Amino acid sequence: MTLTRAERTTGVLERRLFGPGPSNPYPEATEALARPLLGHLDPAFLEIMDRACEGLRQVWGTANRRTLPLSATGSAGMEAAFVNTVAEGDVVVVAVNGLFGERMCDVAARCGAEVVRVDFPYGQPVDPQRVAEAHPAPKVIAAVHAETSTGVRSDIAALGELKGDALLLVDAVTSIGGSELRADDWGVDIGYAGTQKCLGVAPGLAPFTISDEAFDRRVPHPRSWYLDLGMLGGYVGEAQGRARTYHHTAPTAMIASLDAALERILDEGLEAVRDRHRRAGETLQAGLQEMGLELFAAEGARLPQLTTVKVPEGVDSARVRAHLLEHFSLEIGAGVKEHASSVWRIGLMGPNATEESAAFVLDALGRAIREA
Ligand SMILES: *Cc1c(COP(=O)(O)O)cnc(C)c1O
């Protein structure tokens, strides 16, 4: 393996993480990890926690008091969302247009749900009308806002308008901090996300939000002790400052890191950050098409932060990715399932969402394709 000069002198291997996640953290988030550790009930830490929860409300676009970072990655957010709202026999409609929608079906089924699955082709957004008409009275309608497996954005606002009495449960792991997200305006009742994509923090937390109504309709004694929102509420969300009681040891360093990233994002401005993601993605997608490559996701529903592009005929997908890693220290992702070797996934998230990054990938990918 060839190391850059900086890597040889510092012994640190630095990758450009331009895959579907994790992405490189904001420098502010990395610096915060190195600060002296605080206890999880220290008033100084609780101030950081309160501020991080407030920052999360802003990126979620919600006033929900129960908005908090769960102590595990985005997948635990998915698990928490279902285990707290779905009891044996409840009907759950799941819109499936990629890997994460499929996982939702699995998680809901494990909670005992009667799962009504509504499938859409990979690469296409979900059709809100078809989802809403799939069952007359579901308890929950679940959908993925930004399908990282295919690079597609779906219309959550339209689903919110059609949800009726159902609770709308949304995966915003890849949209949070990168795309417009207005949980309250769109009628999102339960939302989960992750820190490792556009929020620009290492993997390890799941920003979570739940409305008062959804909290009142939750499963009172869920099968999961760790992710029981009723118990967590005593520590975060409901309680403020000193009133908190111990449930589990909050990962204080990670929360300080999240707080620093949120401060960074809000200082730049939510609109400006989203605009930066949009411009980076558009530059990348235009450049790929100029190189003669074909995009995978349907036009009009393409995520700027996660681009899916078809591997050209006769090119070995894995060899190109290995070349990028070895010669450019650049990581991009493969496709999922039957698209594993026919699609690449390129993420420009968090600090990587710049036009310079887009230009860098275009150049490196062009060279790697020629080499391979
Ligand atoms: C990454 C991702 C997840 C899972 O998050 P982890 O941090 O890997 O647990 C869930 N949903 C979507 C849409 C994702 O992109």
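Visitor: Hi! In what order do the seven strands of that open sheet come?
Guide: The order is β2-β10-β9-β8-β5-β3-β4, and the pairing is mixed. Strands are DSSP runs of E with at least two residues, helices are runs of H or I with at least four, and both are numbered from the N terminus. Two strands pair if DSSP finds at least two bridges between them.

Visitor: And what kind of model is this?
Guide: This is a predicted model, where local features need pLDDT of at least 70 and side-chain atom pairs count only at pLDDT 80 or more, while totals for chains, interfaces and linings use all residues. Residues are numbered from 1 along each chain as its sequence is written, and side-chain values use heavy atoms, with hydrogens and water left out.

Visitor: What holds paired strands together, anyway?
Guide: Strands of a sheet pair through backbone hydrogen bonds, either parallel or antiparallel. Here, β5 (residues 140-144) and β8 (residues 167-171) pair in the parallel sense over five bridges. Ile141, for instance, has Leu168 in β8 as its bridge partner.

Visitor: Which helix packs on that sheet?
Guide: Helix α5 (residues 99-110) does, touching β3 (91-96), β4, β5, β8 and β9 (190-192). The direction of α5 makes about 165° with that of β3. Such angles run from 0 to 180 degrees between N-to-C directions, using lines fitted to C-alpha atoms, for helices over the stretch in contact.

Visitor: What about the sheet with three strands?
Guide: That open sheet has the order β11-β14-β13, with antiparallel pairing. Its edge strands are β11 (306-310) and β13 (333-334). Between β13 and β14 (residues 343-347) there are two bridges, and Ala334 has Trp344 as its bridge partner in β14. Helix α12 (residues 270-290) packs on this sheet, at about 10° to the direction of β11.

Visitor: New topic: how many residues are in the largest nonpolar core?
Guide: That core has 80 residues, and Leu70, Phe82, Met104, Leu169 and Phe208 have the most contacts inside it. Helix α3 (residues 43-60) gives the largest share, nine residues. A nonpolar core is a set of buried Ala, Val, Leu, Ile, Met, Phe, Trp, Tyr and Cys residues joined through side-chain atoms within 4.5 Å. Buried means under 20% relative accessible area, exposed over 50%, and partly exposed in between, with a 1.4 Å probe and protein chains only.

Visitor: What does Phe208 touch?
Guide: Beyond its neighbours within four places in sequence, its contacts (heavy atoms within 4.5 Å) include Trp60, Leu70, Ile190 and Tyr192.

Visitor: Is helix α4 mostly covered or uncovered?
Guide: Helix α4 (residues 74-83) is mostly covered, with eight of its 10 residues buried. Gly74 and Phe82 are among them.

Visitor: And which residues surround the ligand?
Guide: Among them are Thr73, Gly74, Ser75, Phe100, Asp171 and Lys197, where near means a heavy atom within 4 Å. An oxygen atom of the ligand lies 2.6 Å from a polar side-chain atom of Ser75. For Thr148, the distance from a side-chain N or O atom to a ligand oxygen is 2.3 Å, and a polar side-chain atom of Thr174 is 3.1 Å from an oxygen atom of the ligand.

Visitor: Last one: why does Ser224 count as buried?
Guide: Ser224 counts as buried because its relative accessibility is 17%. Ser224 is in the loop between α9 (212-216) and α10 (229-232).

Key
Polar contact = N/O pair within 3.5 Å; in protein donor to acceptor, adjacent residues only side chain to side chain.
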